[in-house]
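Here is a note for a colleague opening this model for the first time. Please read the points with the viewer open.

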Amino acid sequence: MAENKIKKIGVLTSGGDAPGMNAAIRAVVRTALFHDVDVIGIRKGYNGLINGEIKEMHSKDVSNVMNLGGTILHTARCPEMMTEEGLDKAAAIYKILSLDALVVIGGDGSFRGMQSLAERGVNCIGIPATIDLDMNSTEYTIGFDTAVNTGMDALNKLRDTSSSHERCSVVEVMGRDAGYIAVWCAMVGGAEDVMFPEEKEIIDSKKVIQQILENRSIGKRHNLIVVAEGVGGTQKLAQDIQNITGIQTRATILGHLQRGGSPTAVDRMHASMMGYHAVKAILSGEENKVVAFNGGKYELLDLEKAMTMEKHLDHEIYDVIKILAI
Ligand code: F6P
């Protein structure tokens with residue numbers, strides 16, 4: 001498709017919101033308008049596509065949104081996208097709206113929705129956004145840095161109170177089945193230990209408790225333990241630590257706190273660049289691609305290829321956390 005053939009694109013945010021989504025919407029809208037392409041904002045993710053909840057986006061619609069958490073387009077997890085009927089309806093609305101492409105800002109589930117729409121003739125371009133960092137095609141996903149900074153801030157505060165009381169603090173962070181947020185929070189928050197799904201068999205509660213006792217014996221007066229959501233059992237671990245060691249222990253589950261807040265500079269930068277690259281890809285005639293950040297550069301990957309790629313958590317981070325916790 002030649003550059004001047006692109007007249008109108010749609011943009012939606014899907015799945016769990018992530019700080020930086022607004023900066024990505026802003027970049028998509030303004031890059032498109034700069035190239036005389038109209039933009040339709042689709043509300044509430046794929047639900048809005050299926051139900052025709054749309055809005056023409058003008059430059060002023062994305063003024064003053066860069067600093068906002070959440071998503072101005074709203075988002076949803078959409079069960080109808082798992083049905084043939086829902087998918088057919090979404091593809092039909094795309095055609096009725098005469099869209100030349102659909103920019104989807106979201107995580108893996110949202111990208112799977114793109115695959116099904118692509119089979120129905122929808123040109124989908126994906127921008128990776130999830131606080132979990134659990135998308136295999138890219139080293140960065142929008143929202144991760146803000147979520148880790150929120151976790152770090154919480155750990156700083158928990159350290160104050162747990163050291164004042166000489167307690168142990170067990171902190172559960174989000175991440176679904178992935179441990180990226182957990183290991184990053186543990187490292188930058190100076191935690192002594194971290195339990196994350198990728199290491200579940202190696203780090204069990206007995207080892208954590210043994211470590212706490214060793215640390216107390218060498219004079220540490222408080223303990224910070226991070227647990228990934230995908231491991232779970234945070235309350236029970238806190239109870240076990242208290243029962244076995246006699247050390248007062250409190251559990252804190254950060255939960256959705258980590259999804260909110262004004263995006264960090266890192267998230268705003270990636271979101272802006274990824275939004276720009278998504279629209280440039282559409283203008284160059286690319287079809288069914290995802291934007292990724294790998295090896296320090298933004299790149300475009302085939303949607304199908306992106307969904308079969310693998311990525312692994314760098315276990316060296318865990319080794320370093322342990323070394324630095326002595
Ligand atoms: O994918 C982002 C995330 O916040 C995960 O860390 C968490 O497991 C999940 O979404 C929570 O989903 P919901 O907001 O639908 O409860």
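1. T31 counts as buried, at 10% relative accessibility. Buried means under 20% relative accessible area, exposed means over 50%, and partly exposed lies in between, with a 1.4 Å probe and protein chains only. T31 sits in helix α1, residues 21-34. Leaving out residues up to four places away in sequence, T31 touches Y276 and V279. Contact means heavy atoms within 4.5 Å.

2. A word on the source. This is a predicted model, in which local features need pLDDT of at least 70, side-chain atom pairs count only at pLDDT 80 or more, and totals for chains, interfaces and linings use all residues. Residues are numbered from 1 along each chain as its sequence is written, and side-chain values use heavy atoms, with hydrogens and water left out.

3. The overall build. The protein has 11 helices and 11 strands. These are DSSP runs numbered from the N terminus: helices are H or I of at least four residues, strands are E of at least two. The radius of gyration is 22 Å, close to the 20 Å that the globule rule gives for 326 residues, so the protein is as compact as a globular protein of that length. That radius is taken over C-alpha atoms, and the rule is 2.2 Å times the number of residues to the power 0.38. Along the principal axes, the C-alpha atoms fill a box of roughly 70 × 40 × 35 Å.

4. Of the 326 residues, 53% are buried. Among contacts with a separation of 6 or more, 74% join residues 24 or more positions apart. The accessible surface is about 14,200 Å², and carbon and sulfur atoms hold 52% of that surface. The areas come from the Shrake-Rupley method with a 1.4 Å probe; for residues, only the protein chains shown count as cover.

5. Helix α6, residues 180-188. Which of its residues are buried? They are Y180, I181, A182, V183, C185 and A186. Their cover includes α5 (144-164), β6 (168-173), β7, β8 (223-228) and α11. Just after α6, G190 takes a positive phi of about 65°.

6. Aromatic pairs. The structure holds 4 of them. Rings of Phe, Tyr and Trp (its six-membered ring) pair if their centres lie within 6.5 Å; planes under 30 degrees apart count as stacked, over 60 as edge-to-face and the rest as tilted. F196 and Y318 form a tilted pair, 5.7 Å centre to centre with 55° between the planes. F196 lies in the loop between β7 (193-195) and α7 (205-217) and Y318 in helix α11, so the pair ties together parts that are 122 residues apart in sequence. F196 is buried at 1%, and Y318 is buried at 12%.

7. Other rings. F293 and Y298 also form a tilted pair, 4.8 Å centre to centre and 50° between the planes. F293 is buried, at 17%, while Y298 is partly exposed, at 22%. Y140, F144 and W184 make up one aromatic cluster.

8. Finally, M309. Where does M309 lie? It is in the loop between α10 (303-306) and α11 (316-324). M309 is partly exposed, with a relative accessible area of 22%. Leaving out residues up to four places away in sequence, M309 touches N136, S137 and L301. M309 and M135 are 174 residues apart in sequence, yet their C-alpha atoms are 8.9 Å apart in space.
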